[in-house]
Amino acid sequence: MDWAAIALSLRLAAIVSAALLVIGLPIAYWLTFSTWRWKFLVESVVALPLVLPPTVLGFYVLVALGSRSPIGRAWTAWTGHGLAFTFGGLVIASILYSLPFGVQPIVSSFAQIDRTLFEASAILGASRFRTFWRIVVPLSLPGIVAGAVLTFAHTLGEFGVVLMVGGNLPGITRTVSISIYEHVQALEYRQANAMALLLLLFSFLVLMTVHALRRRPWAAAPIT
């Protein structure tokens, strides 16, 4: 079992989930409540990683973070090293790739909130910021948790984007999926099966958690 790859994947997934929670909340709020007529363009950009091949997204992220790009040059001038084939580059690429998994469940939860609650909150003198944290977030908590869980699981199993942007550097960019691929290439099927089974069980637990959050089995059943 490649514990170093597992630890790095867990670290990457945790950072990406936390980052998308911060980024995804305002994006989801705007997508839900904005009345801009061209909003569908932003919705399309957010959902693009769902249909875009990971290698295509990874290629363009690699170009954007490369030493010849403005971002790459600025990062190198600031830190003394590039972003491509580093853990930081993996984080940026994973945030872009997992964006719809973090945003769309929150959008669905926000859309189910009764709009009259906003009117009541405004009548009581509450600001939009206070309304967001006191009404929107508590009522949408299952969707927010589901988004974070899906983001974590999706990041944990990434392959194409990780390989394009990070390569295969032990302890730096070698994730679980890359490690499984390496074991298969070396005909080490027993090791590959052990890690693949671990991801399979984890993915099942994630889906079970998400469906449980949607059904809320802990809630009181209606009286018949």
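1. Contacts along the chain. Residues 24 or more positions apart account for 71% of the contacts in the protein chain with a separation of 6 or more; contact here means heavy atoms within 4.5 Å. This is a predicted model, in which local features need pLDDT of at least 70 and side-chain atom pairs count only at pLDDT 80 or more, while totals for chains, interfaces and linings use all residues. Residues are numbered from 1 along each chain as its sequence is written, and side-chain values use heavy atoms, with hydrogens and water left out.

2. Overall make-up. The protein chain has 11 helices and zero strands. Helices (H or I, at least four residues) and strands (E, at least two) are DSSP runs, numbered from the N terminus. The C-alpha atoms fill a box of roughly 65 × 50 × 30 Å along the principal axes. Of the 224 residues, 39% count as buried. Buried means under 20% relative accessible area, exposed means over 50%, and partly exposed is in between, using a 1.4 Å probe and protein chains only.

3. Helices α7 and α8. Helix α7 (residues 128-139) packs on helix α8 (residues 141-156) at an angle of about 65°, and their axes are 4 Å apart. That makes α7 roughly perpendicular to α8. Axes are lines fitted to C-alpha atoms, for helices over the stretch in contact, and angles run from 0 to 180 degrees between N-to-C directions. Angles under 35 degrees count as roughly parallel, over 145 as roughly antiparallel, 65 to 115 as roughly perpendicular and the rest as oblique. On the α7 side the contact involves V137, P138 and L139, and on the α8 side L141, P142 and I144. By class, this contact has six nonpolar, no polar and no charged residues. Ala, Val, Leu, Ile, Met, Phe, Trp, Tyr, Cys and Pro count as nonpolar, Asp, Glu, Lys and Arg as charged, and the others, Gly among them, as polar.

4. K39, a buried lysine. K39 lies in helix α2 (residues 39-51). K39 is buried yet has no salt bridge; a salt bridge is a side-chain nitrogen of Lys or Arg within 4 Å of a carboxyl oxygen of Asp or Glu. The nearest side chain of opposite charge is that of E43, 4.4 Å away. For charge, Lys and Arg count as positive and Asp and Glu as negative, with His and the chain ends not counted. Not counting residues up to four places away in sequence, K39 touches W30, L31, T32 and S34.

5. T32, a partner of K39. T32 is found in helix α1 (residues 3-33). Leaving aside neighbours within four places in sequence, T32 is in contact with K39, V107, F110, A111 and R115.

6. The salt bridge. A search of the whole structure finds one salt bridge. R174 forms a salt bridge with E182, with the closest N and O atoms 3.3 Å apart. R174 counts as buried, at 19% relative accessibility, whereas E182 counts as partly exposed, at 30%.

7. The buried residues of helix α10 (residues 176-185) are V176, S177, I178, S179, I180 and H183. L187 is found in the loop between α10 and α11 (189-215). L187 has a positive phi of about 60° although it is not a glycine. Most residues other than glycine have a negative phi. At 60% relative accessibility, L187 counts as exposed.

8. F85, another positive phi. Phi of F85 is near 60°, a positive value in a residue other than glycine. F85 sits in the loop between α4 (70-79) and α5 (87-111). F85 counts as partly exposed, with a relative accessibility of 40%.

9. L99. Helix α5 holds L99, which counts as buried at 14% relative accessibility. Apart from neighbours within four places in sequence, L99 is in contact with L20, I27 and V46. L99 and A64 are 35 residues apart along the chain, and their C-alpha atoms are separated by 18 Å.

10. H211. H211 lies in helix α11 and counts as partly exposed, at 44% relative accessibility.
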